[in-house]
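Work through the exercises below with the structure open. Try each task before reading its solution.

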Amino acid sequence: MLAATAQPTLCDMTEDTRPWPQDGRERLIYPSPVGWKGTDFVDNEGELLKLLNPKTVFMMGDNPALPRMPERPRLLDFFRCRFGDITVRHLLISAKRALDDGLPEKVVMACLLHDISNGCLIRCDHGYWSAQLVGPYVDPEVAFAVKYHQALRYVPDESVGYAYPESYHAFFGPDYEVPEYLLRDAEYAKNHKWYMTARQMTLYDTYFFDDFPVVQPEELEDVIGRNFKEPEEGLGFDGSPTAHMWRTMIWPNNFL
Ligand SMILES: [Fe+2]
Ligand SMILES: [Fe+2]
């Protein structure tokens with residue numbers, strides 16, 4: 001069973017006095033297979049099932065080891081309460097640099113959202129997952145840039161000074177071969193009318209943690225207000241085609 005420890009966070013829900021679900025019982029967590037297949041994590045679903053008794057339950061709903069999300073979560077609540085530190089810093093700095101450089105707000109938004117699925121959902125094919133996640137709430141041009149940035153990152157474009165990332169040599173090895181589906185999708189994006197929105201986003205997709213000041217989520221609030229349709233019911237509860245993906249990030253440990 002995974003032991004969860006509370007992590008330091010930007011999320012401040014100290015005013016929230018709602019009781020926690022499943023109180024008084026031990027909550028068992030069975031992590032989603034997509035996060036551990038092929039690792040040394042030993043599949044323990046059978047063992048956990050044997051532990052069930054009146055004092056144990058499988059985790060469902062708010063996990064007390066995680067910061068509590070507001071009842072009607074907004075985009076930045078996920079940055080503050082759920083996403084990993086590196087994803088938060090990377091997205092905020094990418095967006096703030098594009099904003100400071102006077103790029104169109106669609107590019108700034110694409111920068112802010114481009115790796116969002118890495119924060120608390122799924123990493124494999126993160127451009128595709130991220131685009132789908134935000135699709136109902138942003139301009140299609142922003143979703144396009146988010147989707148295709150993944151493929152375009154592998155493809156140089158000398159006309160704008162974009163080269164294959166040095167970091168990818170370190171990440172994947174110098175002999176890494178870009179899969180055919182990404183090359184195909186990059187080619188499609190290159191011939192699309194929104195190519196430059198996606199391409200400009202990739203120019204800000206770099207890691208500047210050391211030489212760029214810390215960006216607070218609030219600094220992007222105005223741009224978000226103009227470019228992200230926050231649903232009244234809160235992300236996860238508005239019945240959009242991707243509401244379940246936001247709920248998965250609110251309750252990442254749910255058994256079902
Ligand atoms: Fe990315
Ligand atoms: Fe990125």
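**Exercise 1. Find the largest nonpolar core and say which residues have the most contacts inside it.**

Solution. Start with the term: a nonpolar core is a set of buried Ala, Val, Leu, Ile, Met, Phe, Trp, Tyr and Cys residues joined through C-beta atoms within 7 Å. Buried means that 20 or more other C-beta atoms lie within 10 Å of the residue's own; exposed means 12 or fewer, partly exposed is in between, and C-beta atoms are placed from the backbone. The largest such core has 47 residues. A95, A110, C111 and V134 have the most contacts inside it. Next, list the elements that give two or more residues to this core: helix 2 (75-81), helix 3 (85-100), helix 4, helix 6 (126-134), helix 7, helix 9, helix 10 and helix 12 (243-250). Helix 7 gives the largest share, eight residues. As background, nonpolar side chains in soluble globular proteins tend to be buried together.

The model is predicted: local features need pLDDT of at least 70, side-chain atom pairs count only at pLDDT 80 or more, and totals for chains, interfaces and linings use all residues. Residues are numbered from 1 along each chain as its sequence is written, while chains are lettered from A and ligands numbered from 1 in the order in which they are written.

Now take V134. Contact means that the C-beta atoms of two residues, placed from the backbone, lie within 7 Å. Set aside neighbours within four places in sequence, and V134 is in contact with L113, I116, A143 and V146.

**Exercise 2. Describe the protein chain as a whole: its elements and its dimensions.**

Solution. Count the elements first. Helices (H or I, at least four residues) and strands (E, at least two) are DSSP runs, numbered from the N terminus. The protein chain has 12 helices and two strands. Their order from the N terminus is β-α-β-α-α-α-α-α-α-α-α-α-α-α.

Then turn to dimensions. The C-alpha trace spans about 65 × 40 × 35 Å along its principal axes. The radius of gyration is taken over C-alpha atoms, and the globule rule is 2.2 Å times the number of residues to the power 0.38. For 256 residues, a compact globule would have a value near 18 Å; the protein chain has 20 Å, which agrees.

Finish with burial and contacts. Of the 256 residues, 30% count as buried. Among contacts with a separation of 6 or more, 75% are between residues 24 or more positions apart.

**Exercise 3. Which residues of helix 4 are buried, and what covers them?**

Solution. Helix 4 (105-113) is mostly covered, with eight of its nine residues buried. They are K106, V107, V108, M109, A110, C111, L112 and L113. Their cover includes helix 3, helix 5, helix 6, helix 7, helix 10 and helix 11 (221-227).

Now look from helix 10 (residues 195-203): its buried residues are T197, A198, R199, Q200, M201 and T202. These pack against helix 4, helix 7 (140-152) and helix 9 (180-190).

**Exercise 4. How does helix 7 pack with helix 9, and how with helix 10?**

Solution. Two packed helices are described by the angle between their axes and the distance between the axes. Here, axes are lines fitted to C-alpha atoms, for helices over the stretch in contact, and angles run from 0 to 180 degrees between N-to-C directions.

- Helix 7 and helix 9: the angle is about 125°, with the axes 8 Å apart. Angles under 35 degrees count as roughly parallel, over 145 as roughly antiparallel, 65 to 115 as roughly perpendicular and the rest as oblique. The pair is therefore oblique. Y148, Q150, A151 and L152 in helix 7 meet L182, D185, A186 and A189 in helix 9.
- Helix 7 and helix 10: the axes come within 8 Å and cross at roughly 60°. That makes this pair oblique. E141, F144, A145, Y148, H149 and L152 in helix 7 meet T197, A198, R199, M201 and T202 in helix 10.

**Exercise 5. Where does D125 lie, and is D125 buried or partly exposed?**

Solution. D125 is in the loop between helix 5 (116-120) and helix 6. D125 is partly exposed because 14 other C-beta atoms lie within 10 Å. Phi of D125 is near 55°, a positive value in a residue other than glycine.
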